[in-house]
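User: I am new to this structure and would like to learn how to read it. Could you walk me through some of its features?

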Amino acid sequence: MRLLSRRSHSVWASLLLLTLMGAQSLVSAIDLNLDDDASIKRAAKIAASGMTVFYTGHLPGDVPGNLPAPYYWWEAGAMFGALIDYWYYTGDSTWNDITIQAMLHQASPSTNFEPRNQTKSEGNDDQGFWGMAAMSAAERNFPNPPADQPQWLELAQGVFNSQAPRWDTTSCGGGLKWQFFTLNRGYNYKNTISNGCFFNIASRLARYTRNQTYADWATKSWEWTERIGLITPTYQFYDGTNDKLNCTELNRIQWTYNAGVHLLGAANMYNYTNGDKIWRDRVQGIVEGLRTFFFEETNIMFEVACEGINTCDIDQRSFKAYLARWMAATTQLAPFTRDLIMPKLRASAAAAAKACTGGNNGDTCGHKWTTGEFDGSIGVGEQMAAMEVFQSNLIAKVAPPVTESTGGTSKGDPSAGVREDPVPELRDLTTADRAGAWTITAVSIVTAIPGWS
Ligand SMILES: *[C@@H]1O[C@H](CO)[C@@H](O)[C@H](O)[C@H]1NC(C)=O
Ligand SMILES: *[C@@H]1O[C@H](CO)[C@@H](O)[C@H](O)[C@H]1NC(C)=O
Ligand SMILES: *[C@@H]1O[C@H](CO)[C@@H](O)[C@H](O)[C@H]1NC(C)=O
Ligand SMILES: *[C@@H]1O[C@H](CO)[C@@H](O)[C@H](O)[C@H]1NC(C)=O
């Protein structure tokens, strides 16, 4: 994820186009009856259709797995994760083929989602979103790739195996840095989402494989994030911290996805440990702490850091999708949370449907769900968030995630992801790249992280 756009070419043209498209709004809305599964599935399909029109990677001459600018590579990984869940909730396989094609194209020869094209900007969190999509595919028994291709479980293990050795004890007593290429902007930032994706994948691998090594890493990751103060005693999740200052100053901005990514990881640890009290308390604490992200007394989800002041960027407009996704999945692994979580997903879905009245067909989704109307903001993130919050209301109707011993069919490889080719070093970046990265770092710290220096 980026603080500021580095690929500014055509970003403005795209935004202008989106604005023009968003302006033509008819009021027809998505007719959503939350007591009728077929109605929920129809709503999810409308939102999914609106999302996938942005994707062109499957067309001749385009690159499978990439969304066009201004979307970053990570968001495509998040989108395919959403489509895997879409299939699992609805049984509709419309987008399965493009999902499999995209995931395999981006899997990379080292089976860890480190394609060479991304090496100039790939962070641990970006890799994590693709890894979590692969993990979902394994847990949902999504159709397996041909035998001579990388397999879902193997890919999730590949991401884990690449990230565990990056655990960095040279500062802050541990933690993953945001970036893993030394010259990338953000290399000195240890952020909650990178550590959260790693925690999420490790805890799910532990439950799926019952290999204790993954559980040990999940515990270590949680404890570090908590010790450094990025998880507070009331389960608020701050954004990250500068390792040059040994993580003594925190950037306290709060995003839905940081709470969500830890919620599902903690629920998996709770389930893996068969109801351990420590993990139960953590799951309960996070669920209660989620009140930060629900608007006043309405149970309607909102992105508290930016929605009210209209500053949510392209990345941030997708974050509610992941909180909805992970809240729903949590109710399967930690069923004691169901009564706390479901009213929030229900109220949010009803509100989101009212925000889907934009575009030519009057069913394009906006970003804000709190206003009862379309707010003119459109894009992959807006569509994905609406789709996920709709379909999450079907969670009680679908089977819990499988494991290796309860019907999982994806083949793993505990040693996947160890690179055969060396990680690109300094010589792969031109002087211009380096100068550019530095300039943007300086600007982004001033503009994008209020109160942090
Ligand atoms: C990398 O970029 C080239 C050139 O655009 C493209 O042909 C190839 O498919 C890309 N590979 C991946 C994994 O995105
Ligand atoms: C840096 O932080 C870690 C973890 O909080 C601590 O153990 C270590 O002593 C600190 N190092 C310095 C030089 O202050
Ligand atoms: C773990 O998850 C399974 C599957 O949803 C569920 O049946 C079981 O009750 C969960 N375990 C605990 C301790 O809640
Ligand atoms: C458990 O996972 C670790 C970490 O990837 C791996 O080294 C080890 O071989 C695995 N053990 C088994 C029995 O698969």
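Analyst: Gladly! Let us begin with an idea for reading ligand sites: a polar contact is a pair of N or O atoms within 3.5 Å. Keep in mind as we go that this is a predicted model.

User: How far does a polar side-chain atom of Asn-161 lie from an oxygen atom of ligand 4?

Analyst: The distance is 3.4 Å, between a polar side-chain atom of Asn-161 and an oxygen atom of ligand 4. For Asn-211, an N or O atom of the side chain is 2.3 Å from an oxygen atom of ligand 4.

User: Which residues are around ligand 4?

Analyst: You will find Asn-161, Asn-211, Thr-213, Tyr-214 and Pro-414 around ligand 4.

User: And which residues surround ligand 1?

Analyst: Ligand 1 has Val-63, His-105, Gln-106, Pro-115 and Asn-117 around it. A polar side-chain atom lies 2.9 Å from a ligand 1 oxygen atom in the case of His-105, 3.2 Å in the case of Gln-106, and 2.2 Å in the case of Asn-117.

User: Now for helices. How are two packed helices described?

Analyst: The description uses the angle between their axes and the distance between the axes. Take helix α3 (residues 73–90) and helix α5 (residues 124–139): their axes are 8 Å apart, and the packing angle is about 15°. Angles under 35 degrees count as roughly parallel, so α3 and α5 are roughly parallel to each other. Their crossing is left-handed.

User: At what angle do α8 and α9 pack?

Analyst: Helix α8 (residues 212–227) and helix α9 (residues 256–272) pack at about 135°, with axes 11 Å apart. That angle is why α8 and α9 are oblique to each other. The crossing of this pair, α8 and α9, is left-handed. From α8, Gln-212, Ala-215, Ala-218, Thr-219, Trp-222 and Thr-225 meet His-262, Ala-266, Met-269 and Tyr-272 from α9. The residues in this contact of α8 with α9 are six nonpolar, four polar and no charged.

User: Where do the axes of α11 and α12 come in, and what is their angle?

Analyst: The axes of helix α11 (residues 319–333) and helix α12 (residues 338–354) come within 9 Å and cross at roughly 145°. α11 passes α12 in a left-handed crossing. Among the residues that meet are Ala-324 and Met-327 in α11, and Arg-338 and Ile-341 in α12. The contact of α11 with α12 has six nonpolar, two polar and two charged residues.

User: Let us turn to the backbone. Is the peptide bond from Ala-69 to Pro-70 cis or trans?

Analyst: The omega angle is the value to read here. For the bond from Ala-69 to Pro-70 omega is near 10°, and the bond is cis. Pro-70 sits in the loop between α2 (37–52) and α3.

User: What is phi of Asn-141, and where is Asn-141 found?

Analyst: Phi of Asn-141 is near 50°, a positive value in a residue other than glycine. To find Asn-141, look in the loop between α5 and α6 (152–163).

Note on methods. Residues are numbered from 1 along each chain as its sequence is written. Chains are lettered from A and ligands numbered from 1 in the order in which they are written. This is a predicted model: local features need pLDDT of at least 70, side-chain atom pairs count only at pLDDT 80 or more; totals for chains, interfaces and linings use all residues. Side-chain values use heavy atoms; hydrogens and water are left out. Axes are lines fitted to C-alpha atoms, for helices over the stretch in contact, and angles run from 0 to 180 degrees between N-to-C directions. Helices (H or I, at least four residues) and strands (E, at least two) are DSSP runs, numbered from the N terminus. Angles under 35 degrees count as roughly parallel, over 145 as roughly antiparallel, 65 to 115 as roughly perpendicular and the rest as oblique. A crossing is left-handed if the near helix is turned anticlockwise from the far one by less than a right angle, and right-handed if clockwise. Contact means heavy atoms within 4.5 Å. Ala, Val, Leu, Ile, Met, Phe, Trp, Tyr, Cys and Pro count as nonpolar, Asp, Glu, Lys and Arg as charged, and the others, Gly among them, as polar. A residue is near a molecule or strand if one of its heavy atoms lies within 4 Å of it. A polar contact is a pair of N or O atoms within 3.5 Å; within protein, one must be able to donate a hydrogen and the other to accept it, and residues adjacent in sequence count only if both atoms are side-chain atoms.
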